[in-house]
Amino acid sequence: MSTQKTADLLARRERLLGVGIATFYQDPVQIVRGEGVWLHDADGRRYLDLYNNVPCVGHAHPHVVEAMQRQTETLNVHSRYLHEGILDYAERLTALHHDAISTAVFTCSGTEANEVAIMMARAATDGRGLICTDAAYHGNSTEVRKLSRLRSAADKEFRSIPVPQLYRAVDGDLAEDALTDAYLDLLQAEIDGFAADGVPFAGLVLCPILANEGLPDIPSDFMARAADKVHAVGGLFICDEVQAGFARTGRWWGYETSGFEPDIISMGKPMGNGFPLAGVVAPSELVNVFREKTRYFNTFASSPLQAAVGQAVIDVIEQEDLLTRVNEVGAHLREGLRAIQETCEPMADIRGHGLFLGLEWVKDRRSKEPDPEGADWVVNRLRQDGFLLGRAGENGNVLKLRPPLVFEQEHADLFLTAFESAVADAPS
Ligand code: PMP
């Protein structure tokens, strides 16, 4: 696209939507069409999408499009009528979770799902205090946005812990078991802090793979033992599967990668392949207390249309055996990256699960000084080469590879070739 056209669109966007809305890439992309793992721009150029997890079964998947169209033509209303579609969907979705999960509350965004999750934890425990990580993001409503470092220090109902991780550990001298204990002590300190402030504890809110935190390797058993700690003081473990859910990690749910069973699970993004579908699942006792205390209603949620789309997404994940594909292609991608890492000093750590990988970019492997500018250079260079990826993490220095799940080995190979030549050209 010409520089003039890009400048015109950016100015028009500012005028109509307001200032300060970020775009990806120094040279923003004007996407007009998507198909599978490909995005096409206004000039007819195609880009391999290594960023978008929302269209998990691929952009414009025909089975999802067809389900959406058929249901729209038939009926779409709110949830104050009887309709079997949403019940069938709730039954199928809850059956994909661990055995205690039986009941669902549907919403239209991940933020709303986390609102419901924290209302549910508070309703069930009569507590208020919630703990997240220092670098968490769980949504943008007034209450959910407090689940991050951005909250006001005056807010006594929210506390956070350092991101539990191996790479930038709180104490680099500790062996992994001792490190798990150290992070659990930090969690206990925040629980005790609530007690000292007279704030009754409601629970812990974590993404099971700490995606927005930069996808660090988590000290072993931290999640399971954190759940025990939370339960010991009457709290609940809310697991935010908005990023990790729906086969992303090579398991249905992120919590399966670290072997624990959360009490309340929020989901979103990939759930509707781009259609606004999100929700919470939990044991019926928790959902019933929440329903009785809040009388929750959400106009566009729990609709026949949401159910039809949600069913279609699960159909594709099952019929195209995407769990197997994610594991195979994810392993292939990781292997290729490992080979490149041998001669690529800034790529200090490769981590993640399934088709969600993070590459820690540093100025120097020994000092581990983060290199967000270097990571940004790679992202922008690959955009020019026709590959779309992004950055994440506390320091903005983690390259994020998170393509639609229909990403195949041939796509991984295309990317690896481009990535290798991009990093070879990177300014040192
Ligand atoms: N939880 C996590 C882990 C997220 O990454 C996000 C969005 N990036 C949300 C919740 C919020 O979802 P939404 O934007 O659909 O409200």
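Predicted model: local features only at pLDDT ≥ 70, side-chain atom pairs only at ≥ 80, totals over all residues.
Colleague: What is the strand order in the open sheet of four strands?

Modeller: The order is β1-β2-β3-β14, and the pairing is mixed. At the edges are β1 (31-35) and β14 (387-388), each of which pairs on one side only.

Colleague: And how many bridges join β2 to β3?

Modeller: Three bridges join β2 (residues 38-41) to β3 (residues 46-49), and these two strands run antiparallel. Leucine 39 stands opposite tyrosine 47 in β3.

Colleague: Which ring does arginine 46 lie over?

Modeller: Arginine 46 lies over the face of tryptophan 38, at 3.6 Å from the ring centre. Elsewhere, the charged end of arginine 159 sits over the ring of phenylalanine 194, 5.3 Å from its centre.

Colleague: Turning to aromatic pairs, how many are there?

Modeller: The count comes to 14 aromatic pairs. One of them is formed by tyrosine 89 and phenylalanine 106; their ring centres are 5.4 Å apart and their planes are at 25 degrees, so this pair is stacked. Tyrosine 89 belongs to helix α3 (residues 84-95) and phenylalanine 106 to strand β4 (residues 103-107), so the pair ties together parts 17 residues apart in sequence.

Colleague: Are those two residues buried or exposed?

Modeller: Both tyrosine 89 and phenylalanine 106 are buried.

Colleague: Why is the pair of tryptophan 361 and phenylalanine 419 edge-to-face?

Modeller: Their ring centres lie 6.2 Å apart with the planes at 70 degrees, so the pair is edge-to-face. Tryptophan 361 is in strand β12 (residues 356-364) and phenylalanine 419 in helix α11 (residues 409-425), so parts 58 residues apart in sequence are tied together.

Colleague: Which residues form a cluster with them?

Modeller: Trp361 and Phe419 form one aromatic cluster with Phe387 and Phe415.

Terms used. Residues numbered from 1 in each chain as written. Heavy atoms only, no water. Pairing = 2+ DSSP bridges. Phe/Tyr/Trp six-rings, centres within 6.5 Å; stacked < 30°, edge-to-face > 60°. Buried < 20%, exposed > 50% of the residue type's maximum accessible area, 1.4 Å probe, protein only. Lys NZ or Arg CZ within 6 Å of the ring centre and 35° of its normal.
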